[in-house]
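Please consult the sequence and coordinates shown below while reading.

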Amino acid sequence: MASNKLPAAVLNKILKGGNAQIWFNGLEIMTAQKFELKMSGNVETIEVIGSMSDYSLYNGWSGSGTLERLKTDSSIVKLIVDAFMSGVTPECEMVVLVDNPSTGQRERCRIGTITFTEATIMTLDKRATINESIPFNFSDFEFLETIAA
């Protein structure tokens, strides 16, 4: 009979967000709650006479992400609002590190050419901490370190 239990060696390899760090323009985001990066392929559908199939033609990629943090200051939202008001996109970069203390391995990536897509200037709820959600697009990405299988 097969066992459905995960061995400790596998459990110890699972990465956890609590072991991550995020830097924005060199400053650590100490109050990050959630972070997501996505890369999507830009694909065009091609139809050819004489074929019943559709074909996909890869035309590049686009990147998007969201940083959610507990708001402690207005530094990032001010940067975004100033960029929107002036029409000048600021030079921004993020570095994300996920560390696994159980294995000593880590994964690190750099995101550059960031363009902010929205600025939530203020959100208030009487009995809640103030969270800030910062969506963005990026067009420069590289893995600085990866975890091998």
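## The enclosed cavity

The largest cavity has a lining made up of Lys71, Thr120, Ile121, Met122, Thr123, Ile130, Asn131 and Glu132. By class, this lining divides into 3 nonpolar, 3 polar and 2 charged residues. The model is a predicted one.

The volume of the largest cavity is about 40 Å³. The structure holds 1 cavity of 30 Å³ or more.

## The largest pocket

The largest pocket contains about 400 Å³ of space. It is lined by 21 residues, of which Ala20, Ile22, Phe35, Val96 and Val98 are the closest to its centre. Five strands are listed as giving two or more residues to this lining: S1 (20-24), S3 (32-47), S5 (94-100), S6 (105-116) and S7 (131-145).

Strand S3 provides the largest share of the lining of the largest pocket, with 6 residues. In terms of residue class, the lining of the largest pocket comprises 12 nonpolar, 4 polar and 5 charged residues.

## The second largest pocket

For the second largest pocket, the computed volume is about 180 Å³. Its lining consists of 13 residues, and those closest to the centre are Leu27, Ile29, Arg69, Asp73 and Ser75.

Two elements, strand S2 (27-28) and helix H2 (75-86), each contribute at least two residues to the lining of the second largest pocket. The largest share, 3 residues, belongs to H2.

## The nonpolar core

The largest nonpolar core comprises 16 residues, and the most contacts inside it are made by Phe24, Ile76, Ile111, Ile114 and Phe116. The elements S1, H2, S5, S6 and S7 each give two or more residues to this core. Strand S6 accounts for the largest share, 4 residues.

What does Ile76 touch, if residues up to four places away in sequence are not counted? Its contacts are Phe24, Ile29, Leu67, Arg69 and Ile134. Among these, Phe24 is also one of the core residues with the most contacts, while Ile29 and Arg69 are among the residues closest to the centre of the second largest pocket.

## Aromatic pairs

The structure holds 6 aromatic pairs. One of them joins Phe24 and Phe116 in a tilted arrangement, with 6.1 Å centre to centre and 55° between the planes. Because Phe24 lies in strand S1 and Phe116 in strand S6, this pair ties together parts that are 92 residues apart in sequence. Both Phe24 and Phe116 are buried.

The ring centres of Phe136 and Phe138 are 6.5 Å apart and their planes stand at 50°, so this pair is tilted. Are Phe136 and Phe138 buried or exposed? The relative accessibility of Phe136 is 1%, so Phe136 counts as buried. For Phe138 the value is 5%, and therefore Phe138 counts as buried; the cut-off for this class is under 20% relative accessible area.

Ring pairs also link Phe136 and Phe138 into a cluster with Phe35, Trp61, Phe141 and Phe143.

Note on methods:
Residues are numbered from 1 along each chain as its sequence is written. This is a predicted model: local features need pLDDT of at least 70, side-chain atom pairs count only at pLDDT 80 or more; totals for chains, interfaces and linings use all residues. Side-chain values use heavy atoms; hydrogens and water are left out. On a 1 Å grid over the protein atoms alone, a cavity is a set of points where a 1.4 Å probe fits but cannot get out, and a pocket is an open set with protein on both sides within 12 Å along at least five of seven lines; lining residues have an atom within 4 Å of a point. Grid points are joined across faces, edges and corners, and a volume is the space filled by probe spheres set on the points. Ala, Val, Leu, Ile, Met, Phe, Trp, Tyr, Cys and Pro count as nonpolar, Asp, Glu, Lys and Arg as charged, and the others, Gly among them, as polar. A nonpolar core is a set of buried Ala, Val, Leu, Ile, Met, Phe, Trp, Tyr and Cys residues joined through side-chain atoms within 4.5 Å. Buried means under 20% relative accessible area, exposed over 50%, partly exposed in between (1.4 Å probe, protein chains only). Contact means heavy atoms within 4.5 Å. Rings of Phe, Tyr and Trp (its six-membered ring) pair if their centres lie within 6.5 Å; planes under 30 degrees apart count as stacked, over 60 as edge-to-face and the rest as tilted.
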